[in-house]
Amino acid sequence: MIAIHKLNIGFHPLWVNYCIENNIPYKLVDCYDNTIIEQLQGCSSLLFHFFQSGSKDIVMAKQLLFSLEQSGLPVFPNFNTSWHFDDKVGQKYLLEALQVELVKTWVFYDRKSALEWINTASFPKVFKLRGGAGSQNVQLVSSKSQTQRLVRKAFGNGFPAYYGWGSLKERYRKWRLGKVDFKEVIKGIVRLVKPPRYAQVMGKEINYLYFQEFIPNNDSDTRIIVIDGKAFGIKRMNRKNDFRASGSGFILYEKEHIDIIFVKTAFEIHKKLNAQCIAYDFVYDSTKKPLLIEISYGFDSGGYNDCVGYWDEQLIWYEGKFNPYGWMIEMMNKK
């Protein structure tokens, strides 16, 4: 019997629906409850879609999942799939160690080495905090003086995990495009005064600096998601007058928009990671070869409902609707 965390957002209700439709025994459990280990008695596996913006998840999700995995219980996501989730610094080390073609990345842990690098660096560069989704906490720095200000802040008071003004501007942009209700704008205004709970849990981002090379001449990125020997993808166009694609809301789904080289590369990296489910974000380098930007085990399910097919590991295309959340269930049933 599969255990599924009792929550009505994320993958959880999609997992439950698949189990009901296919007569797969399942049990709803509360991963936040003190008795979770007891609740899992007799279960064959646990599925728990935890979030980077979940104030409880930040505190306990990885600790619970990895403890259960060490005890021998199959979990989703497992260690190889999620230890690096929402941690761009961890991803840098992992992907470089595995010799993956990653956008060139720099990390500094003291003011002196950061300032020395600035004196020899060319600009623009992309500044990021280690966490954040949908292009949160990402900005283009175009000068030495702008970068020096970031150095002073990083090794001074630090950066808030939640940037209220940036979030408000993004909510307003999406409202103008008709993609969200005006309530989202109101929520953004309220959060200028009262930041979300997860930001309070995380505290300040401090004592490090993270930069990536700016790769010009990309009007989009391509996201390929690999699950259990199958892959599907979307092409995300940049925001207007912006270099950022993640979270833009401008998505192309048709097969002809997805360069097969990204699919092939995602499968190759996936084998190195030995992971269950990973979303790979790619751009082209100057020679039209794939460069990986970052990875994530989780994704917003609503953004992929219009995908028109998927590939297998032999790059054979299967036209039509599919259920990647069912793939996750079937993958766990193989354990």
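How do helix 8 and helix 9 run relative to each other, roughly parallel or roughly antiparallel? Keep that question in mind while we walk through this predicted model.

Start with the sheet. Strands of a sheet pair through backbone hydrogen bonds, either parallel or antiparallel. Now look at strand 1, residues 2-5, and strand 3, residues 45-47. They run parallel, and three bridges join them. To find the pair on screen, pick out Ala3, which stands opposite Leu46 in strand 3.

A helix covers these strands. Most residues other than glycine have a negative phi, and most peptide bonds are trans. Asn23 is not a glycine, yet its phi is positive, at about 55°.

Two peptide bonds also call for a look. The bond from Phe76 to Pro77 is cis, with omega near 0°. Pro77 is found in the loop between strand 4 and helix 4, residues 79-82. The bond from Phe123 to Pro124 is cis too, and its omega is near 10°. Pro124 has its place in the loop between helix 6 and strand 6, residues 125-128.

Helix 6 brings us to the helix pairs. Helix 6 spans residues 111-120, and helix 7 spans residues 144-154. Their axes come within 10 Å and cross at roughly 175°. An angle over 145 degrees counts as roughly antiparallel, so helix 6 and helix 7 are roughly antiparallel to each other. Which residues touch? Helix 6 contributes Arg111, Ala114, Leu115, Trp117, Ile118 and Asn119. From helix 7 come Lys144, Thr147, Gln148, Val151 and Arg152. By class, this contact has five nonpolar, three polar and three charged residues.

Now return to the opening question. Helix 8 covers residues 164-176, and helix 9 covers residues 182-193. They pack at an angle of about 170°, with their axes 9 Å apart. Helix 8 and helix 9 are therefore roughly antiparallel to each other. On the helix 8 side, the contact is made by Gly164, Trp165, Leu168, Arg171, Tyr172 and Trp175. On the helix 9 side, the contact residues include Phe182, Val185, Ile189 and Leu192, and also Glu184, Lys187 and Arg191. By class, the contact of helix 8 with helix 9 has eight nonpolar, two polar and four charged residues.

Rolling a probe the size of a water molecule over the atoms shows where empty space is left. The second largest pocket holds about 360 Å³ of space. How many residues line the second largest pocket? The lining has 17 residues, and Ile58, Lys62, Phe85, Asp86 and Met202 lie nearest the centre. Helix 3, residues 55-71, and strand 9, residues 204-205, each supply at least two residues of this lining. Helix 3 gives the largest share, five residues. By class, the lining of the second largest pocket has six nonpolar, four polar and seven charged residues.

Note on methods
Residues are numbered from 1 along each chain as its sequence is written. This is a predicted model: local features need pLDDT of at least 70, side-chain atom pairs count only at pLDDT 80 or more; totals for chains, interfaces and linings use all residues. Side-chain values use heavy atoms; hydrogens and water are left out. Axes are lines fitted to C-alpha atoms, for helices over the stretch in contact, and angles run from 0 to 180 degrees between N-to-C directions. Helices (H or I, at least four residues) and strands (E, at least two) are DSSP runs, numbered from the N terminus. Angles under 35 degrees count as roughly parallel, over 145 as roughly antiparallel, 65 to 115 as roughly perpendicular and the rest as oblique. Contact means heavy atoms within 4.5 Å. Ala, Val, Leu, Ile, Met, Phe, Trp, Tyr, Cys and Pro count as nonpolar, Asp, Glu, Lys and Arg as charged, and the others, Gly among them, as polar. On a 1 Å grid over the protein atoms alone, a cavity is a set of points where a 1.4 Å probe fits but cannot get out, and a pocket is an open set with protein on both sides within 12 Å along at least five of seven lines; lining residues have an atom within 4 Å of a point. Grid points are joined across faces, edges and corners, and a volume is the space filled by probe spheres set on the points. Two strands pair if DSSP finds at least two bridges between them.
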